[in-house]
Amino acid sequence: MILRTGFLNAIRNFPNRIAIIDGDARFTYREFGERVQRLAGSLQEMGVHKGDRVGLLMLNSFHYLEIYYASFLIGAVVVPLNFRLSGSEVSFILRDAGVKVLFYHREFQQLINLFRTDLASIEQYVLAELEPIAASDAVFYEDLIDRAAAWKEVDLSE
């Protein structure tokens, strides 16, 4: 709860300060908070509930932070995966944890293709990139942000 409280307090107290700098991407606390809320809303729309597992097979990026905070807001459990693991090791962890939604970066598309048919628990794959790629039938991350209704439990405009 401390991470959630600190996150919400930062948005309320410093809405116009820069919160995230990742290459060319820059977000104020307000923008970051809005994106996190919308992602939390998308996760809820995908059927992710408190206690459900959300997997991350990603390199370091601002998406990683957004997914973490959105998961915390709805009570989901984040399952970060070491990208240096083999396909069978990643597959085992995903299956054992019961991951429901898997976020990944384009670098891992081929790895995911190796085990995708063996993982029935994963209901949704999300490509966490700024631009979609042709070789993937995963949901595109930015579409989740654009189309989602904000998470309704907390009103950050106070």
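Predicted model: local features only at pLDDT ≥ 70, side-chain atom pairs only at ≥ 80, totals over all residues.

Visitor: What span should helix H2 have, and how far apart are its end C-alpha atoms?

Guide: H2 covers residues 29-45, 17 residues, so at 1.5 Å a residue it should span 24 Å; the end C-alpha atoms are 24 Å apart, which agrees. After H2 comes Gly47, with a positive phi near 90°.

Visitor: Which residues of H2 are called buried?

Guide: Buried means under 20% relative accessible area. Among the H2 residues that qualify are Phe32, Val36, Leu39 and Leu43, along with Arg35 and Gln37.

Visitor: What makes S3 and S4 a pair?

Guide: Pairing takes at least two bridges. Four bridges join S3 (residues 53-57) to S4, and the two run parallel, so the pair meets the definition. Arg53 stands opposite Val77 in S4.

Visitor: Why are S4 and S7 called edge strands?

Guide: The open, parallel sheet has the order S4-S3-S5-S6-S7. Strands S4 (77-80) and S7 (139-140) each pair on one side only.

Visitor: Which residues have the most contacts inside the largest nonpolar core?

Guide: That core has 31 residues, and the ones with the most contacts inside it are Leu39, Ile67, Phe103 and Tyr141. Contact means heavy atoms within 4.5 Å. Phe103 touches residues including Leu39, Ile67, Val126 and Tyr141. Another core, of 18 residues, lies apart from the largest one and includes Tyr104 and Tyr125.

Conventions:
Residues numbered from 1 in each chain as written. Heavy atoms only, no water. Expected span 1.5 Å × (residues − 1). Buried < 20%, exposed > 50% of the residue type's maximum accessible area, 1.4 Å probe, protein only. Core = buried A, V, L, I, M, F, W, Y, C linked by side-chain atoms within 4.5 Å. Lists of a residue's contacts leave out its neighbours within four places in sequence.
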